[in-house]
Amino acid sequence: MASSVSIGAFYNPHLALETLAAGDLIGHLAMADPPGQHDPAWPEIRARYTLLLHDYLGQLSEPFDEEELGRARSLLDQYRSPWAAEHLQRIRRTASAVGNDARPLLDYVFPPLYTEDLLAEYARNARLLRDRLGVPLAVEPIPTYLHLDLPQMSEPEFLHRLCEQSGCHLLLDIVHTWLSARFAGLDPRSLLLQLPLERVIEMHVSGHAPDPDLEEPWIAPILPNREILDLAELAAARAPGLRAITFDAFSPSLRPETLLAGVRMLRERFGQGA
Amino acid sequence: MTGRSLHDALLTVLSDGPLRARLLTGDTSARGMLGREEWVMLRRVSVERLCRMARFLARHYYRERIVRLFRHIRTLAPHTGRDPLAVLDTPAGLASLDQSVLGTHATAERLVSLIEDSLIGNDAVIRLAIPYWRDLVRYHVTMFRVEAGAPLSGGNPGGTPRRTPSTRILDLDCERELHLSRSRKRPRPACWSRAPATGGSPRSAAHKTSGCWSKRPTVSELLTNWLG
């Protein structure tokens, strides 16, 4: 893998001091939330790191208004982010169908259906957003736990067509892919290799843990196991456009030792150990 | 039926416990709300997985709010042994999650009542150690009531705060004591600690609610102002 690939983490404001003290260990920081108004570490964080805009607008299936686009543009400028990423999710209903209520109904990632009509809308809005932001846009697919008995595309087909029609890149979350494969009864390596890996610009790697509600594993802010690291390595080897690998742990309960161990683990696996 | 209309119906079912129960029992009155074809399609979804996903999403929704809106109480949890998050794993908390309608005042009220009971029940020992405990609980409970329900229209985005249906008036014993001590130029009362800050930045840029402490001496008026 090219050594030009940056290895970094999410910015966890409660770990700002440990992040800054880690020196060159962390190459970039993905920003899940805008900086807090009273975050004393923010000026130094901003000055020192490459910052990546992550999931600010929330739902590409709906058109954006000028205010939303302006806010995204402003944040992008503040971060000087080389690309923007959005979850490929759908967490709010069609506003016009529910009294023009545009609020998110859910407060967590949830995938869309992979249908033709939604593909067309995701592609149109993603294209518009990318053009307005003036930087590459990457979409991050979300695992589908709940399958509907509906004729629809597979996740790989949807992603291929979305990237092709919109010119977008892919933010490949390795645990998401592992979970998608598990929930669909597929081999994770096989599913991974069907994805448009040539479009991958950023990769997320973290761990997974049993979820008591789902009674299945789910994403967790812990260290990845060997299977996840192997999958990440497989993806990276087939992703010529890959520019960043992010330890995907963002939680108020995240411990500094986990954050730093996760980044070190990725550095060692991807040949950038000390 | 389109992918969009079906997904809208799926989101509705996942976020609305009573509606989900009607769907799963075959109550056809739910068809009107979801669309006839959508209703048929959703009837074919695995009941177990639908309910599991709904509980998972409800837990995320309220967990995030409890963590943010009860943060000072949670900081004290190692000393008090009372963590409001634990309520979500009690039988009553799980039932509330399963029956929740995400973002509504009714669900927020049901959950916060459980939380409040768990925090102030048999709390004499805690109050001895932390004299402002009840005030702190009332403060957080109020913030949760204000924010965990759906923001109501009637706010004044960008303008002067004004009362909305989700406004709550909070009169804190500790604050009154502070005012008296100030007026008499006495030292701060023992119960005084820094006024808890407001809830912090919401994760969703589209969902912002503000709260503020009144400068008036004996009453803290928490104003919520829907900012759009």
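Chain B's secondary structure comes to 12 helices and 2 strands, where helices (H or I, at least four residues) and strands (E, at least two) are DSSP runs numbered from the N terminus. This is a predicted model: local features need pLDDT of at least 70 and side-chain atom pairs count only at pLDDT 80 or more, while totals for chains, interfaces and linings use all residues. Residues are numbered from 1 along each chain as its sequence is written, and chains are lettered from A and ligands numbered from 1 in the order in which they are written.

**Exercise 1. Work out the order of elements in chain B, and how chain B is divided into domains.**

Step 1. Start at the N terminus and read along: α-α-α-α-α-α-α-α-α-α-α-β-α-β.

Step 2. Look at where the two meet. Domain 1 of chain B puts 8 residues into the contact and domain 2 of chain B puts in 12; two residues are in contact if their C-beta atoms, placed from the backbone, lie within 7 Å.

Step 3. On the domain 1 side, α1 (3–15) and α2 (17–24) of chain B are the elements giving two or more residues. The largest share, 4 residues, comes from α2(B).

Step 4. Sort that side by class, and you get 4 nonpolar, 2 polar and 2 charged residues. Here Ala, Val, Leu, Ile, Met, Phe, Trp, Tyr, Cys and Pro count as nonpolar, Asp, Glu, Lys and Arg as charged, and the others, Gly among them, as polar.

**Exercise 2. Find how strand β6 of chain A is covered, and which strands it pairs with.**

Step 1. Check burial along β6 (residues 169–173): 5 of its 5 residues are buried, meaning 20 or more other C-beta atoms lie within 10 Å of a residue's own, with C-beta atoms placed from the backbone (12 or fewer is exposed, in between is partly exposed).

Step 2. Take the faces one by one. In a regular strand the side chains alternate between the two faces of the sheet. A:His169, A:Leu171 and A:Asp173 sit on one side of β6(A), A:Leu170 and A:Leu172 on the other.

Step 3. Go to one neighbour: β5 (residues 137–141) of chain A runs parallel to β6(A), joined by 2 bridges, and strands pair if DSSP finds at least two bridges between them. A:Ala138 has A:His169 as its bridge partner. The chain gets from β5(A) to β6(A) through helix α5 (residues 155–166) of chain A, in a right-handed β-α-β crossover; with the strands pointing away from the viewer, that path from the first strand over the helix to the second runs clockwise.

Step 4. Then try β7 (residues 200–205) of chain A, which is parallel to β6(A) with 4 bridges. A:Leu171 is partnered there by A:Glu202.

**Exercise 3. Follow the pairing on to strand β10 of chain A.**

**Exercise 4. Count the residues that chains A and B bring to their contact.**

Step 1. Chain A gives 32 residues and chain B gives 31.

Step 2. By class, chain A's side has 17 nonpolar, 4 polar and 11 charged residues.

Notes. Domain bounds come from an automatic or database domain assignment.
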